[in-house]
Amino acid sequence: MSIIVNLDVMMAKRKISSQALAEQIGITQANLSLLKTGKVRAVRFSTLDAICKALDCQPGDILEFKDDEPIE
Amino acid sequence: MNKKLKIYSVLFVVVIIVMLVTSVFKFEKTSALGFSEEKLEVTNPPAGFTPIIDTLGNGTVITHNRSTFSYEVNVVPRKHPENKELVSTVRFPAAVSNQTYLVKMQKVKLEVPTEENKIGSFPMWFGSITGSLTLVVIVWMLCIVLQTISRIRKGEIFVADVSRNLEKIGFMLSAIYLIELITSYTITKYFINHIILAGHYIVFKNECNIMFLLTGIALLIISQIILMGKDLKEDVDLTV
């Protein structure tokens, strides 16, 4: 997958733990862990909205696109 | 649609069409005509008559005195002519003395001598090997079925293991059909070469149960559908 999730970077900047963030955005710690490691298949807008509110950031601060395939 | 699903679906349709349109899955083998020096032995009619009463369409009642006789059919195993023996008795009603009749045997039930010294040992050992192979496949398949049922009972339906197990069961059912087909064909061909009936052709018919093959292919299709379901479930489960 070419989408990189930089959630742990943002969490470190805002000095917030996984447990606290998970409680604030309303998902389990297990799901938050999956999100941080980029193993999820999709993110709902409602979840992204909750993360951005909790971390006071933009979606672009958390999600980054990196093209795996070289341009021919 | 994934590649395997396409292949299995096409195979299923092809088997059904072939089954309906042709007789590929049923085969008949006809033996060669019996040797001319062999004779069909016919016994003399027994003494005495049996009265038979016929009622014609216009209500007239006629009484006939007809004799009946039976003839005996001897089957000679080709490789062991010294072991000729009586295998069947057929009754031919309404025969009259000093008349020539054309005997048409529509259906004769033959008891094939299967002792090794008469027919050879091939059917025995070949049948034993293929029978044992089928038994092994059936037992293995039952183990996989029980394993699959136990997983489904735990609620794990759309998982890779269940899909793989269903695929294995599908292949095993198809294999059972193929073993049955090969065995029937081989044994039939062997009997044709070893059993002759003087002056007659023998038609050996064999029909293997095609439902094994169709059920096997259907399970292969279902296994791919379960795999697609697993992917959809993962999409849902891994959506936060």
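Guide: Start with the elements: helices (H or I, at least four residues) and strands (E, at least two) are DSSP runs, numbered from the N terminus. A:Ile4, for instance, is in strand S1 (residues 3–5) of chain A. The model is predicted, so local features need pLDDT of at least 70 and side-chain atom pairs count only at pLDDT 80 or more, while totals for chains, interfaces and linings use all residues. Residues are numbered from 1 along each chain as its sequence is written, and chains are lettered from A and ligands numbered from 1 in the order in which they are written.

Visitor: In what order do the elements of chain A run?

Guide: From the N terminus on, the order is β-α-α-α-α-α-β. That makes five helices and two strands in chain A.

Visitor: Is A:Ile4 buried or exposed?

Guide: The count is of other C-beta atoms, placed from the backbone, within 10 Å of the residue's own: 20 or more means buried, 12 or fewer exposed, and in between partly exposed. A:Ile4 has 12 C-beta neighbours inside 10 Å and therefore counts as exposed. Over chain A, 15% of the 72 residues count as buried.

Visitor: Which residues does A:Ile4 touch?

Guide: A contact means that two C-beta atoms, placed from the backbone, lie within 7 Å. Leaving out residues up to four places away in sequence, A:Ile4 touches A:Gly38, A:Glu64 and A:Lys66. A:Gly38 is 34 residues from A:Ile4 along the chain, with 6.6 Å between the C-alpha atoms. In chain A, 67% of the contacts with a separation of 6 or more are between residues 24 or more positions apart.

Visitor: How is a pair of packed helices described?

Guide: Two numbers are used, the angle between the axes and the distance between them. Axes are lines fitted to C-alpha atoms, for helices over the stretch in contact, and angles run from 0 to 180 degrees between N-to-C directions. Helix H2 (residues 18–25) and helix H4 (residues 45–55) of chain A pack at about 125°, with axes 9 Å apart. Under 35 degrees counts as roughly parallel, over 145 as roughly antiparallel, 65 to 115 as roughly perpendicular, and the rest as oblique. H2(A) and H4(A) are therefore oblique to each other.

Visitor: Which residues of H2(A) and H4(A) meet?

Guide: A:Leu21, A:Gln24 and A:Ile25 in H2(A) meet A:Thr47, A:Ala50, A:Ile51 and A:Ala54 in H4(A). For classes, Ala, Val, Leu, Ile, Met, Phe, Trp, Tyr, Cys and Pro count as nonpolar, Asp, Glu, Lys and Arg as charged, and the others, Gly among them, as polar. This contact has five nonpolar, two polar and no charged residues.

Visitor: What should I look for in phi?

Guide: Most residues other than glycine have a negative phi. A:Lys15 has a positive phi near 55° and lies in the loop between helix H1 (7–14) and H2 of chain A. With 7 C-beta neighbours inside 10 Å, A:Lys15 counts as exposed. A:Asp56 has a positive phi of about 50°, in the loop between H4 and helix H5 (59–62) of chain A.

Visitor: How many residues of chain A are in contact with chain B?

Guide: Eleven residues of chain A are in contact with five residues of chain B. Helix H3 (residues 29–36) of chain A gives the most to the chain A side, with three residues. By class, that side has six nonpolar, two polar and three charged residues.
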